[in-house]
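Here is a model to read with its definitions in hand. Each answer sets a value against a cut-off and concludes.

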Amino acid sequence: MDTPLIAFIGAGNMAASIVGGLLESGYPAGRIRAADPFEQSLARIGELGPVATGTDNNAAVDGADVIILAVKPQIMGEVCQALAPALAGSGALVISIAAGITIDSLRGWLGQATPIVRCMPNTPALVGCGATGLYATDDVSEQQRAHATQILEAVGLVEWVGAEIDLDAVIAVSGSGPAYFFLFMEAMIEHGERLGLDRDTATRLAQQTALGAARMALENDVDVVELRRRVTSPGGTTQAAIESFEAAGLRRIVQDAMQAAVDRAAEMAREMG
Ligand SMILES: NC(=O)C1=CN([C@@H]2O[C@H](COP(=O)(O)OP(=O)(O)OC[C@H]3O[C@@H](n4cnc5c(N)ncnc54)[C@H](O)[C@@H]3O)[C@@H](O)[C@H]2O)C=CC1
Ligand SMILES: O=C(O)[C@@H]1CCC=N1
C-alpha cells in the first residue's frame with residue numbers, strides 16, 4: 001500500500017483517533033499533517049507521534065494527496081471556502097467526516113470538480129473499534145477509494161455504501177448507535193443498583209455483558225436471533241424479560257428512535273447546506 005500525504009483540517013477528537021490509529025498501524029508520521037487554530041488540539045496530536053502540526057489550514061493542504069475535513073459541521077462552510085483556492089485543480093481527495101454535510105454543499109464550497117468521499121465514523125474509533133460508512137463521488141479514483149479505506153480502517157470497520165442517502169441509515173445504525181447501547185447499559189446499571197448491587201459491581205457486570213454479547217455476535221456464524229434463542233431457556237428468566245420488552249414495544253421504540261436520527265440528519269443537511 002502506498003502512503004499518501006494526509007492533511008487533517010481540525011485536530012479534535014475524531015482526528016486524533018484516526019491519527020492514533022494510523023500511527024499504530026505503522027503509517028509514517030512524516031506523511032501526516034494536522035492543522036487547528038487551538039494549540040491544545042495540536043499538542044495532543046503531537047503527543048501521538050512526530051506529525052507536522054500548525055495553525056495554517058492552507059499550508060497543511062499544500063501538496064497533500066488526501067485532505068480530511070474534521071471540523072464541526074457548523075463551521076465547515078467557512079473552512080471549505082477558505083481552502084477552495086488552494087485545492088482548486090489539485091485533484092486531491094477530500095474526505096469529510098462531518099455529520100449532515102452533503103456532497104452538494106461540499107462541492108458548492110470547494111468547487112464542482114473536487115473528488116469527495118463523505119463518511120460517517122463513530123466514537124468507538126477512539127478505541128480502535130469504530131464503524132465507518134463511506135460514499136464516494138464518481139470522480140474518486142480506485143486508488144483514492146483505497147486510500148480512504150486504508151485511513152478509516154486504521155480505526156475499525158469500513159463499509160462502502162452505494163448512494164449518499166444511505167449515509168443517513170449509517171448515522172442511525174452506527175454513527176449515533178454507541179449512544180443507544182450506552183443508554184441501555186445506563187438503564188441496566190440503575191436497576192441493578194435498585195435490585196441491591198453496588199454501582200461498581202452493576203457497572204462491571206453490565207460492561208462485561210455488553211462486551212461478551214458483542215463478541216459472540218461477531219465471532220459466531222449464527223445470527224443474533226439464534227444467539228438470543230440460545231440464552232432463552234423455555235419458561236425461564238430470560239423469556240420473562242424478553243416478553244416484557246416485546247410487550248412494551250421495544251422494536252417500535254428502536255424504529256422510532258432511528259427514524260428520528262434519520263430525520264434530524266436530513267434537517268441538518270438543510271440547515272447547513
Ligand atoms: N463525535 C462523534 O460521535 C462523531 C463526530 N463526527 C464528526 O466529526 C467532526 C469532528 O468532530 P469531533 O472531533 O468530535 O470535534 P472536536 O470539537 O473534538 O474537533 C474539532 C476541531 O476543529 C478545530 N477547529 C475549529 N475551527 C477550526 C478551523 N477554522 N480550522 C481548523 N480546525 C478548526 C477545533 O479546534 C477542534 O480541535 C464533526 O464534523 C462531527 O460531525 C462524525 C461521526 C461521529
Ligand atoms: O450526534 C451527532 O450529530 C453526531 C453524528 C453521529 C454521532 N454524533
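What follows is a set of questions and answers on this predicted model.

Q: How do you know which residues and values count here?
A: Residues are numbered from 1 along each chain as its sequence is written, while chains are lettered from A and ligands numbered from 1 in the order in which they are written. This is a predicted model, where local features need pLDDT of at least 70, side-chain atom pairs count only at pLDDT 80 or more, and totals for chains, interfaces and linings use all residues.

Q: What makes up the chain in terms of helices and strands?
A: The chain has 12 helices and eight strands. Both are DSSP runs, numbered from the N terminus: helices are H or I with at least four residues, strands are E with at least two. The C-alpha trace spans about 65 × 35 × 35 Å along its principal axes.

Q: Why is Asn57 called buried?
A: Asn57 has 23 other C-beta atoms within 10 Å. A residue is buried if 20 or more other C-beta atoms lie within 10 Å of its own, exposed if 12 or fewer, and partly exposed in between, with C-beta atoms placed from the backbone. Asn57 therefore counts as buried. Asn57 lies in helix H3 (residues 57–61). The UniProt annotation "binding site", from an unreviewed entry, covers Asn57. UniProt positions are given in the numbering used here, feature names are shortened, and annotations may be inferred rather than shown by experiment.

Q: What does Asn57 touch, leaving out residues up to four places away in sequence?
A: The partners are Ile9, Ala35, Val79, Ala82 and Leu83. Contact means that two C-beta atoms, placed from the backbone, lie within 7 Å.

Q: Why does Ile151 count as buried?
A: Ile151 has 27 C-beta neighbours inside 10 Å, so it is buried by the definition. Ile151 belongs to helix H6 (residues 142–153). Setting aside neighbours within four places in sequence, Ile151 is in contact with Ile6, Ile18, Leu22 and Val66.

Q: How do you know that the buried residues of H2 line one face of the helix?
A: The buried residues of helix H2 (residues 39–48) are Ser41, Arg44 and Ile45. Seen down the axis of H2, they fall within an arc of 100°, so they line one face. The arc is that of the directions from the helix axis to the C-beta atoms. On the other side of H2, Glu39, Gln40, Ala43 and Glu47 are exposed. The cover over the buried residues includes H1, strand S2 (32–35) and strand S3 (52–54).

Q: What makes a set of residues a nonpolar core?
A: A nonpolar core is a set of buried Ala, Val, Leu, Ile, Met, Phe, Trp, Tyr and Cys residues joined through C-beta atoms within 7 Å. The largest one has 58 residues, and Phe8, Ile68 and Leu69 have the most contacts inside it. H1 gives the most to this core, with six residues. Among the residues that Leu69 touches are Ile9, Met76 and Val94.

Q: What puts a residue in the shell around ligand 1?
A: Its C-beta atom, placed from the backbone, lies within 6 Å of the molecule. For ligand 1, 27 residues surround it, and the closest are Gly10, Gly12, Met14, Ser41 and Ala98. Helix H1 (residues 13–24) gives the largest share, three residues.

Q: What is the make-up of the two ligand shells by class?
A: Around ligand 1 there are 17 nonpolar, eight polar and two charged residues. Ala, Val, Leu, Ile, Met, Phe, Trp, Tyr, Cys and Pro count as nonpolar, Asp, Glu, Lys and Arg as charged, and the others, Gly among them, as polar. Ligand 2 is surrounded by Ala99, Ile171, Gly175 and Ser176. That shell divides into two nonpolar, two polar and no charged.
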